[in-house]
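This report describes a surface patch and a chain–chain interface. The sequence and structure are shown below.

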There are 2 protein chains.
Amino acid sequence: MDRSLAQFLPLYINVTMSICTYFLTVRLIPRLKERFLKANLCGIDMNKKNFVKIPEAMGVVSGCTFLITMFLFIPIPFGDHIFNNVNFPHNEFVELLAALLSICCMMLLGFADDVLDLQWRHKLMLPTIASLPLLMVYYVNFNSTVIIVPKPFRAFFSLSIDLWLFYYAYMGMLAVFCTNAINILAGVNGLEVGQSLIIATSILIFNLIELSGDMWKAHQLSMYFIIPYIAASFALWKHNRYPSKVFVGDTFCYLSGMTFAVVGIIGHFSKTTLLFFIPQILNFLYSVPQLFHFVPCPRHRLPRYDPEIDKLNPSLTVFRKNDLNILGKLIMSIFKAFKIVQWQEDSEGVVTCNNLTILNFVLILFGPLKESTLTKILLIIQIAGTMLAFVIRYPLASIFYDV
Amino acid sequence: MDRSLAQFLPLYINVTMSICTYFLTVRLIPRLKERFLKANLCGIDMNKKNFVKIPEAMGVVSGCTFLITMFLFIPIPFGDHIFNNVNFPHNEFVELLAALLSICCMMLLGFADDVLDLQWRHKLMLPTIASLPLLMVYYVNFNSTVIIVPKPFRAFFSLSIDLWLFYYAYMGMLAVFCTNAINILAGVNGLEVGQSLIIATSILIFNLIELSGDMWKAHQLSMYFIIPYIAASFALWKHNRYPSKVFVGDTFCYLSGMTFAVVGIIGHFSKTTLLFFIPQILNFLYSVPQLFHFVPCPRHRLPRYDPEIDKLNPSLTVFRKNDLNILGKLIMSIFKAFKIVQWQEDSEGVVTCNNLTILNFVLILFGPLKESTLTKILLIIQIAGTMLAFVIRYPLASIFYDV
């Protein structure tokens, strides 16, 4: 296999185009702010003293520049085949198109959500539908639904198990999880973009490592998406970081989640992708009692701003202990036992408890924090998560699998 | 070639799915109206006595149900290959995905236009970009850029000419033209959807005729898109017809134009598709002086409503004759010679002239009309255009080409 410089030429072109995308996006965003405000696409920053209107759903700008870059990039990896007009690799082309279709579709739905405020069941149903073309491509091109059983469990199962339809259900759920997991770990300036950039960079590093392996083609394909994504999102981050001049909206969270799911699926590293979501998984698990309404869940769970000290406190939810069902009581007693909730109960059985997000949990641990400090701590947790992921993926994996 | 019933099975499934889509869409639209009004996506109907707020950009609902139907339909035409797992026709699959990608992308841009009010240059640039994946597929799968020269011109040219890059430019411009041509032939209740439905039905009839020909596969592919499109749009029309309960927005016009361009390109009948746009082409040509600002062009050119008689009059634009440049004067004198403008000039050289749309032209011809009557006349013109198109396509074509 010839892995000369020429073979990586599309990658160099991709990087060059991404640099242009960055500069385009970073200039475009402030120029479009007025237009978003005029369209009433704006929100108030709740964690600031002065209630300024901030344009919302700006993720659609970085998303569009990302998509345009990808559209212009489409012919590049196939340059050889185009000029020589032989053996066009339709199967590779299909992957690229299906991935773009899923991302584009998800962006449309995200923007519709920002404008129209969709219901929860749509948020679960729509990513599933958006991922259908991709699953179809997976079926056609690979249809490998066999997983290797880790060594310690081989006594109970065989060497490998064919998950069959369940593997497709898993991939569909991956898209739903990725799109929503970023969306619920949010609420302070720059956190959505910050965490997404760290996840994207982690995927990029993983791709770079694997580029020297047997599966280099799949990882190259993943990089085609991740590099322009990082460029466009980094431009967005410049305007979204503390103090935010723009908000990114559900558009950005959906777009990001779908991009990660897509590269994970077509790059055959969906389990590794999930490893980069450790903080999101923890936040999701911690949120479960509220998400599934075992414990009352207010409309917004973001931290409570104290204007006097200009710092954030954990936000609280108040309910009667007797209103909890048996499952709610059980889960909360476990949480109390592990001391991961702030729980105050008065003589009449009225409970005051923090909203169950890791933002509030960090505030319980470290006391009132400045918003920028809270964002920094969460991004450090995200980086720590990535480091843990690499430890699991490389040294630890050799214990469970034959590498 | 076996053209048994089994071969058309995907088509039957498509029809069944489309019927479901119709019923889903027709119920979904009224239920989502409140959500659109709440998001401030609404407009005032200028041609009514009572100024009621009407939800705008509802085309996104029919567009989404259309896309969801297509997403669910994707595996169906490949059922045989999926179950037998041999010789998957990637080249056909690529066409389907690229077409969906272009349509989805255009819908995103249309919705963004409705919400954010994009500039004119975006309206020209974005359809071009959205059609790139499709042109790439055309290049890879067909790359036939040769056109047959009509008999009378063969003395000057050869039998055929290879248009090469210009053919791709033509296809890109087709997308731009189709998306915008429907958008500028608008302004009275039900016209956008009405004309689109007539064009779509014309394409469907043409596909049905050609289904018995050599190119039946391409026409079958076109029908996969057109039937669900008609179902979803017909549901929208139910609510958009006079008196409109919802407006369709640029989303619908863009989506429709792109769908027509897409089926024309992948079905290899782009010239026939253009024939179904005769009224739109006439409206565009008539509008050229205002679109290119040879004659002053107000923000809105829709007919002027007279509440006393509840009828529409042509809307007017007023300017000084001396302000026109040489080209403007030339064009307007031609228009005057053919008596296709209402032109009044006072002693000081101030001109009052109707806005150059065929809506206003019909109003000049037939006097003040009720809004519903004007819509009907325009839809009859559209049907007449289709009949003319079929005459050109079938009996007349044999004069110019060897059939």
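Predicted model: local features only at pLDDT ≥ 70, side-chain atom pairs only at ≥ 80, totals over all residues.

Tyr401(B) is placed in the segment after α15 of chain B.

Residues are numbered from 1 along each chain as its sequence is written, and chains are lettered from A in the order in which they are written. Local features need pLDDT of at least 70, side-chain atom pairs count only at pLDDT 80 or more, totals for chains, interfaces and linings use all residues, and side-chain values use heavy atoms, without hydrogens and water.

**Nonpolar patch.** Tyr401(B) belongs to a nonpolar surface patch with Ile148(B), Leu159(B), Leu388(B), Val391(B), Leu396(B), Ile399(B) and Phe400(B), together about 680 Å² of accessible area. Patch members have over 30% relative accessible area and no salt bridge, with nonpolar side chains joined within 5 Å. Helix α15 (residues 371–400) of chain B supplies the largest share, 5 residues.

| Item | Value |
|---|---|
| Residues in contact (heavy atoms within 4.5 Å) | 49 residues from chain B, 49 residues from chain A |
| Buried area (accessible area lost by both parts, 1.4 Å probe) | about 4,100 Å², 83% from carbon and sulfur atoms |
| Salt bridges (Lys or Arg side-chain nitrogen within 4 Å of an Asp or Glu carboxyl oxygen) | 0 salt bridges |
| Polar contacts (N or O atoms within 3.5 Å, donor with acceptor) | 4 residue pairs, both at pLDDT 80 or more |

On the side of chain B that touches chain A, two or more residues each come from α1 (9–38), α2 (59–73), α4 (90–116), α5 (120–130) and α6 (132–141) of chain B. The largest share of that side, 17 residues, is given by α4(B). Helices here are DSSP runs (H or I) of at least four residues.

Note on methods: Patch = residues over 30% accessible without salt bridge, like charges linked within 9 Å, V, L, I, M, F, W, Y side chains within 5 Å. Areas by Shrake-Rupley, 256 points an atom, 1.4 Å probe, with all protein chains shown as cover. Buried area = accessible area lost by both parts, 1.4 Å probe. Polar contact = N/O pair within 3.5 Å; in protein donor to acceptor, adjacent residues only side chain to side chain.
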